[in-house]
Amino acid sequence: MKKTDQEYQATLSDIEYRVTRQAATEHPFSGRYWDHWKAGKYDCVCCGTPLFALALVGMPIKVLSNKTIARILEGGAEACRSA
């Protein structure tokens, strides 16, 4: 189900909205996941697509295919299933 910009603004933080919907970037070394090594699965905040998993400290496990990662990097918000 597609969300409107108003729905995204209501559910995402300001920085999440700007980064995921407007192709902005965070200041270097400032995001909440900077130096974050907790094991778990990390999903897209907009559509829930699994992005990656972290099983051991510092050892990311790729969840998406290289083709999917390239599509997301090239397309930004438009590549997200929820866009």
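This report describes the charged and aromatic side-chain contacts of a predicted model.

## Basis of the values

Because the model is predicted, local features need pLDDT of at least 70 and side-chain atom pairs count only at pLDDT 80 or more, while totals for chains, interfaces and linings use all residues. Residues are numbered from 1 along each chain as its sequence is written, and side-chain values use heavy atoms, with hydrogens and water left out.

## Salt bridges

The whole structure holds 3 salt bridges, a salt bridge being a side-chain nitrogen of Lys or Arg within 4 Å of a carboxyl oxygen of Asp or Glu. In one of them, Arg18 pairs with Asp14, with the closest N and O atoms 3.0 Å apart; these residues are 4 residues apart in helix α2 (residues 14-22), separated by about one helical turn. Helices (H or I, at least four residues) and strands (E, at least two) are DSSP runs, numbered from the N terminus. Arg18 is partly exposed, at 31% relative accessible area, whereas Asp14 is exposed, at 53% (buried means under 20%, exposed over 50%, partly exposed in between, with a 1.4 Å probe and protein chains only).

Glu16 and Arg32 also form a salt bridge, at 3.6 Å from N to O. Glu16 belongs to helix α2 and Arg32 to the loop between α2 and β1 (40-43), so this pair ties together parts 16 residues apart in sequence. Lys41 and Asp43 form a salt bridge as well, their closest N and O atoms being 3.4 Å apart.

## Contact with a ring

The charged end of Arg21 sits over the ring of Tyr8, 4.1 Å from its centre, where the term requires NZ of Lys or CZ of Arg within 6 Å of the ring centre and within 35 degrees of the ring normal.
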